Amino acid sequence: KEEIKQELILHKELNIDSFYHFKLSFLKDKWQEILNIVNYGSNITNNAEFMELLKFLVNNVESHISVANVYFKHNKFLICNNKNIPIFFNDKEFGVEESLLSQLIELNPKLINLYCFSNVTADTFKLMSYIFDNKINLMN
């Protein structure tokens, strides 16, 4: 790693195409897969492939907020920022788990504090855990 850094410093140039094709081949392959899906329609053959692709996208898209605090109040999910100020979409709180997941994916927080674990179904929590990996904290 240090040798590469020295080489870059010495020459002060980087061949972007070579770097992209050689060092970022995994990323290039994923981008090609996404491009094929967009251009040729969904060729995802099962739910596992879709989940892998969704996880890849979530992990590689910039986070929009640092912390999302998730509560369940008045039979609805509520997402708040790190100062516990509610984040509203279309001036409504979230009422269903699918909407909660959708909004968390859209926000892509760096950290999710889940204060309502008992209100989330096992399937939804499993899905959240898979998509957001180690970003979820279970709170009391």
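## Overall composition

Contact here means heavy atoms within 4.5 Å. By that criterion, residues 24 or more positions apart account for 52% of the contacts in the protein with a separation of 6 or more. The structure is a predicted model, in which local features need pLDDT of at least 70 and side-chain atom pairs count only at pLDDT 80 or more, while totals for chains, interfaces and linings use all residues. Residues are numbered from 1 along each chain as its sequence is written, and side-chain values use heavy atoms, with hydrogens and water left out.

The protein has 6 helices and 4 strands. Helices (H or I, at least four residues) and strands (E, at least two) are DSSP runs, numbered from the N terminus. Along the sequence their pattern is α-α-α-α-β-β-α-β-α-β. Of the 140 residues in the protein, 31% are buried; buried means under 20% relative accessible area, exposed over 50%, and partly exposed in between, with a 1.4 Å probe and protein chains only.

Strand E1 (residues 67-73) and strand E2 run antiparallel and are joined by 5 bridges. Two strands count as paired if DSSP finds at least two bridges between them. Within this pairing, Asn-69 has Cys-80 in E2 as its bridge partner.

The hairpin has 2 residues between the strands. His-74 lies in this loop between E1 and E2 and is exposed, with a relative accessible area of 72%. Its phi is near 55°, a positive value in a residue other than glycine. Most residues other than glycine have a negative phi.

## Aromatic rings and charges

The structure holds 3 aromatic pairs. Rings of Phe, Tyr and Trp (its six-membered ring) pair if their centres lie within 6.5 Å; planes under 30 degrees apart count as stacked, over 60 as edge-to-face and the rest as tilted. One of the pairs is Tyr-71 with Tyr-115: the ring centres are 4.7 Å apart and the planes are at 15°, so this pair is stacked. Tyr-71 lies in strand E1 and Tyr-115 in the loop between E3 and helix H6 (122-132), so the pair ties together parts that are 44 residues apart in sequence. Tyr-71 is buried, with a relative accessible area of 13%, whereas Tyr-115 is partly exposed at 30%. Another pair is Phe-72 with Phe-77, whose ring centres are 4.9 Å apart and whose planes are at 65°, so this pair is edge-to-face. Phe-77 is buried at 2% relative accessible area, and Phe-72 is partly exposed at 29%.

Two lysines sit over tyrosine rings. A charge sits over a ring if NZ of Lys or CZ of Arg is within 6 Å of the ring centre and within 35 degrees of the ring normal. Lys-73 lies over the face of Tyr-71, at 5.1 Å from the ring centre. The charged end of Lys-55 is over the ring of Tyr-130, 4.6 Å from its centre.

The buried residues in H5 are Glu-97, Leu-100, Leu-101, Gln-103, Leu-104 and Leu-107. They cover an arc of only 165° around the axis, which puts them on the same side of H5; the arc is that of the directions from the helix axis to the C-beta atoms. E1, E2, E3 and H6 are among the elements that cover these buried residues.

Ile-87 is in the loop between E2 and helix H5 (97-107) and is buried, at 16% relative accessibility. The C-alpha atoms of Ile-87 and Gln-103 are separated by 9.8 Å, with the two residues 16 apart along the chain. Just after H5, Asn-108 takes a positive phi of about 45°. Asn-108 belongs to the loop between H5 and strand E3 (111-114) and is buried, at 1% relative accessibility.

## Asn-113 in strand E3

Asn-113 lies in strand E3 and is buried, at 9% relative accessibility. Its side chain is joined to that of Asn-69 by a polar contact of 2.9 Å. A polar contact is a pair of N or O atoms within 3.5 Å; within protein, one must be able to donate a hydrogen and the other to accept it, and residues adjacent in sequence count only if both atoms are side-chain atoms.

Not counting residues up to four places away in sequence, Asn-113 touches Val-67, Ala-68, Asn-69, Val-70, Asn-137 and Met-139.
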